[in-house]
Amino acid sequence: MHDGSGRILVQGLNKSFGPINAVQNLNFSVEPGSVTGFLGPNGSGKTTTLRMILGLISPTAGGAFINGQPFSRLPNPATVVGAVLDSQGFHPGQTARTHLRCYTAALNLPDQQADQVLELVGLSSAATRKTGGFSLGMRQRLALATALIGNPQILILDEPANGLDPEGIAWLRGFLKSFASTGRTALVSSHLLREMEHTVDNVVIVSRGQCVYNGDLDQLRAAQQSRVLVRTADPATLVEALRQSGLTAEYLPDGSLAVPGTDSKTVADLALGAGVAVHGMQEENLDLEQIFFQLTTGQYSGGAPQGPPQPPQGAAQWGPGGPQQPPQPGAPPPGTPPSPGVGQGYQQVYPQQDQNNQGGNGGYGGNA
Amino acid sequence: MNGLIKAEFRKIFTTHLWWALLIPVVVLSFLAGWGGTEFGQMSIIRQMTGGQDLPTGLLTMSLSTNYVTVFAALLGALAMTGEYRHKTATTTFLTANPRGAVLGAKLIAYTNIALIYGIANTLFASLGGLLGAGSDGFGEFAQWLMVGGAGILSIVLWTLLGLGFGAMVTSSVVAVLVLLGYVLVFESLVSSAMSSSAMSWLGDYLPGAASNGIVSNLSVPMFVSDVAGAREPMVSETAYRLLHSVFGGSYGFPWWGSLLVFAGYAAVFVAGGWLTSSKRDIT
Ligand SMILES: Nc1ncnc2c1ncn2[C@@H]1O[C@H](COP(=O)(O)OP(=O)(O)O)[C@@H](O)[C@H]1O
Ligand SMILES: [Mg+2]
């Protein structure tokens, strides 16, 4: 039996596929009544983790618990947790309705439940169409309907926004919010924070199979870091002056300096004091997406960790220390393609592809 | 569990596979029954046996069974591999605890479909036999029932073996190719290689020979005794061997011995499928 709490607990979860450590010592919990985003670049171990929670993959070490029990001990599991892991899981010759009725039968539910979930996801008009002809968006909806058929207390979705048009994403957002508002639990993975930013209340951010942030999204947002970008004729002198005032600076590819944790007035005063001419100065606030990128960008770094993680002020809880990168002022601005050989920051972050993640696309903005 | 079995029946009857594989079963059964008994009526044989009608219907029912079991094996093999192929395995396993319950439900549902196949085989082989030989071609009703029943058993066991094998290999392409390759090519190569060695007795214990023996080790002695009547003890071993070489089975091997051997194979594959699908990572 389970305790009915609607909590998901992941404890010391590890999974290796041969030499690949897909998930390493992952700890987090997902609470009922909220939508939790499970975020990380491609290959960071999200799908593997979700499948371990659902008892489909057995962990190398550690465990995952739903309502205080491993999945394999849940009686009638589909009435406790529904999941969409793959939007391809249909026999092409079955109609949406006959597909769903296989599961109403399996769960001993009345057959009308199939039509009810079809209506819920807006697929009623396609009930008698064969799934082989469904578009990706229709498949996502049918997969969601399948997950909901047992009226579960917990919903787990892996990259549900893939293949949905903006309207579909907005619909999903509303659906998830109302699902959670009834005290139920939603855990939703994505490789794009932007996609989930307005949907989720909490986030678990993973990188290279390790947790780099677990907590409230608003707190992460509040911890937005600012930095000053300054162009000067004599960077070396300015760096020395900054260092004496306890500030650090990084060279950017265009030759300017980035000074984190301060404001432009301080930098201007220091430059004046050091007699360095300033050609231009700009204050930059890191938005959520940039923080996400910096938290996870270390995934593709082959280099040594750059010191201990520095949590942004106000961040709720940081994952255990590890080789993942904390927000690094020297990291490239998001969206900028790596250009080897320019600036320290790039050389630190992109020296080589990590062997575990061959074929990775830099962990940003790629497709699932 | 009842729900899971009902779900399996729905999966079967809302897709095409079960009747698509039943078509060749029906056609082959009918042709084997008809063609085989036509052979039985040939006047030359009639003369040899003193103008007597031969109960060749019994023999051709075993012939047709041994042709169509391969389709039963394919049906079973695609039961589980189809779920991996269409990626429905994930959802299926999410609705059942433990995973073995899914395999159990499939075993029960597919046993029922295999019964349909078996009955269809018996009926259509008999229909062919009636056309070719008339009602005299079947010996006594009890004999017809026994041979037909043995055929159904053989078909059910092949379906279960295929199901277990499919659950082990998960790939439908691999499962189909290996089964066809084994049944149609490999076993006859192995047994002919062994036949001239000291190992020749082993040939009767190979899966294909054992499954053929379930029906043929019943029908060939029946046929001989029907034809020879009181002269049965004088029928030479060569005559038996000749019949067995055409219709399957082997001289002196009891049909229930073949049944036990083949049921053993089916059990091993079902157990293997059970174990591997309980432990496997579903990715
Ligand atoms: N079945 C598998 N066999 C080998 N490696 C795998 C398997 N599944 C996942 N991986 C590896 O594990 C890592 C994490 O993959 P995954 O969990 O799919 O990440 P995500 O869902 O975050 O994109 C990747 O490096 C991937 O190549
Ligand atoms: Mg994934």
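Is B:Arg241 buried, partly exposed or exposed, and what is its relative accessible area? In this predicted model, B:Arg241 has a relative accessible area of 46%, so it counts as partly exposed. B:Glu237 is partly exposed as well, at 36%. These two residues form a salt bridge, with their closest N and O atoms 2.6 Å apart. Both lie in helix H10 of chain B (residues 237-247), four residues apart, which is about one turn of the helix. An α-helix has 3.6 residues a turn, so residues three or four places apart point the same way.

Over all chains the count comes to twelve salt bridges.

| Pair | N to O distance |
|---|---|
| B:Lys106 and B:Glu8 | 2.7 Å |
| B:Lys11 and B:Glu83 | 2.8 Å |
| B:Glu237 and B:Arg241 | 2.6 Å |

The side chains of B:Lys106 and B:Glu8 meet in a salt bridge. B:Lys106 belongs to helix H6 and B:Glu8 to helix H1 (residues 2-13), so this pair ties together parts of chain B that are 98 residues apart in sequence. B:Lys106 is buried, with a relative accessible area of 1%, and B:Glu8 is buried at 3%.

B:Lys11 and B:Glu83 also meet through their side chains. B:Lys11 lies in helix H1 and B:Glu83 in helix H4 (residues 56-85), so the pair links parts of chain B that are 72 residues apart in sequence. B:Lys11 counts as buried at 16% relative accessibility, because buried means under 20%. B:Glu83 is buried, at 4%. Salt bridges that share partners join B:Glu8, B:Lys11, B:Glu83 and B:Lys106 into one network.

**Helix H6 of chain B**

Helix H6 covers residues 100-133 of chain B. At 1.5 Å a residue, its 34 residues should span 50 Å, and the end C-alpha atoms are 48 Å apart, which agrees. Just after this helix, B:Gly134 takes a positive phi of about 75°.

**Ligand 1**

Ligand 1 lies between chains A and B. It is surrounded by 14 residues, the closest being A:Gly43, A:Gly45, A:Lys46, A:Thr47 and A:Thr48. An oxygen atom of ligand 1 is 2.8 Å from an N or O atom in the side chain of A:Lys46. Backbone N or O atoms also lie by ligand oxygens, at 3.1 Å for A:Gly45 and 3.2 Å for A:Ser44. Taken alone, ligand 1 exposes 550 Å², of which the protein buries 68%. Strand S2 (20-30) and helix H1 (46-53) of chain A each give two or more residues to the shell. Helix H1 of chain A gives the largest share, three residues.

Methods
Residues numbered from 1 in each chain as written. Chains lettered and ligands numbered in written order. Predicted model: local features only at pLDDT ≥ 70, side-chain atom pairs only at ≥ 80, totals over all residues. Heavy atoms only, no water. Expected span 1.5 Å × (residues − 1). Near = heavy atom within 4 Å. Polar contact = N/O pair within 3.5 Å; in protein donor to acceptor, adjacent residues only side chain to side chain. Areas by Shrake-Rupley, 256 points an atom, 1.4 Å probe, with all protein chains shown as cover. Salt bridge = Lys/Arg side-chain N within 4 Å of Asp/Glu carboxyl O. Buried < 20%, exposed > 50% of the residue type's maximum accessible area, 1.4 Å probe, protein only.
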